[in-house]
Amino acid sequence: MEIKIMIDILKKYWWVILLIISVPIIINCLILKPAIFKFVGKDTDWLNFWGAYIGTVLSSCIAFYVLHKQLSQNQNENKNNRNLQINILKYQQKSQWLTELKTKLAEYYKSFSLNDINAIANRMLTKETIAYIQIKETRASLKQIIDNFNVADFSKGIMFSNQLTKEESNIIEKLKSYSDEFCALIEDLDWYVFEVYGHNGSDDTLRRMYESKTKKYQQEEHTHISKSRRIWDIIIEYDYKISSKNKEIISTRMKEAMRNIKADNIQKTILELLDYEQEKINKIIQL
């Protein structure tokens with residue numbers, strides 16, 4: 001290993017060694033040659049002068065080089081220390097941000113209120129009380145759920161800047177798909193219970209009204225993208241027989257929605273986001 005190091009040094013600084021060897025020889029040759037014009041002093045005096053002169057120049061160059069390297073090293077160390085302090089500060093700030101993000105995502109997950117939605121759907125399968133009272137109570141419950149969800153979703157959203165990485169965008173897009181699915185379900189249930197749920201009568205007598213209201217709702221602008229079939233598709237499938245097929249319509253809508261809003265999938269996506277953000281923060285201190 002030492003021999004290899006010596007060979008590398010010789011390859012890199014061969015010209016220095018050559019200069020050290022050749023300078024005395026060149027000076028000696030110049031002194032021995034006849035002078036073109038007269039010089040003060042003897043040849044030995046000039047030999048001493050050039051020896052002292054070259055020695056001084058070399059010493060000065062070495063001292064300057066050592067000083068330059070020392071200053072450069074100090075500058076690099078100071079720069080590294082500043083960068084380390086900045087990275088530590090960034091790490092602390094991002095760690096605090098991640099702690100807050102965990103709280104917001106926990107609230108976001110809780111706001112899906114899947115058990116409450118299932119309970120509301122079960123009550124809608126049978127008319128337990130007077131229709132208008134049940135409609136009022138059901139709509140109030142749905143409104144409370146969607147209001148809580150919107151707050152949690154907004155609080156989660158403002159935790160992120162506009163400059164997202166590709167990985168963050170993909171994960172947040174997954175969360176958005178769950179949000180859209182949930183909001184579309186609430187929207188459908190609220191419309192259903194308000195517009196067609198409480199009417200009494202046979203399918204034939206109510207068909208024209210059901211068909212008119214369903215098509216009107218279908219043609220409205222809907223902001224949430226749902227992978228599940230919307231309520232109008234299911235009503236059409238059951239040929240607008242809402243009075244006799246109430247249970248089937250609600251059950252079908254709920255089953256299809258719940259397949260796309262599984263609690264395990266939401267948890268997995270949230271943990272994926274938190275793991276990514278933690279890894280991203282850890283890289284700050286490793287720089």
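Begin by selecting helix H4 (residues 114–125) and helix H6 (residues 166–195), whose crossing is left-handed, a term used when the near helix is turned anticlockwise from the far one by less than a right angle. The model is predicted, so that local features need pLDDT of at least 70 and side-chain atom pairs count only at pLDDT 80 or more, while totals for chains, interfaces and linings use all residues. Residues are numbered from 1 along each chain as its sequence is written, and side-chain values use heavy atoms, with hydrogens and water left out.

H4 and H6 pack at an angle of about 25°, with their axes 12 Å apart (axes are lines fitted to C-alpha atoms, for helices over the stretch in contact, and angles run from 0 to 180 degrees between N-to-C directions). The two helices are therefore roughly parallel to each other, the word for angles under 35 degrees. Show the side chains of Leu114, Ile117 and Met124 on H4 and of Phe182, Leu185, Ile186, Leu189, Tyr192 and Val193 on H6, which make the contact (heavy atoms within 4.5 Å). These residues divide into nine nonpolar, no polar and no charged, where Ala, Val, Leu, Ile, Met, Phe, Trp, Tyr, Cys and Pro count as nonpolar, Asp, Glu, Lys and Arg as charged, and the others, Gly among them, as polar.

On H6 the contact involves Glu167, Glu168, Ile171, Lys174, Leu175 and Tyr178, and on H10 the residues taking part include Asn265, Ile266, Tyr276 and Lys280. The residues of this contact divide into seven nonpolar, two polar and six charged.

Next, select asparagine 246, which lies in helix H9 (residues 246–260) and counts as buried at 12% relative accessibility (under 20% relative accessible area, with a 1.4 Å probe and protein chains only). Leaving aside residues up to four places away in sequence, asparagine 246 touches Met124, Leu125, Tyr192, Tyr197 and Lys241.

From there move to lysine 241, in the loop between helix H8 (231–237) and H9, which at 35% relative accessibility counts as partly exposed (between the 20% limit for buried and the 50% limit for exposed). The C-alpha atoms of lysine 241 and serine 202 are separated by 8.5 Å, although these residues are 39 residues apart along the chain.

Key: Helix = DSSP H or I, 4+ residues; strand = E, 2+ residues; numbered from the N terminus. Parallel < 35°, antiparallel > 145°, perpendicular 65-115°, else oblique.
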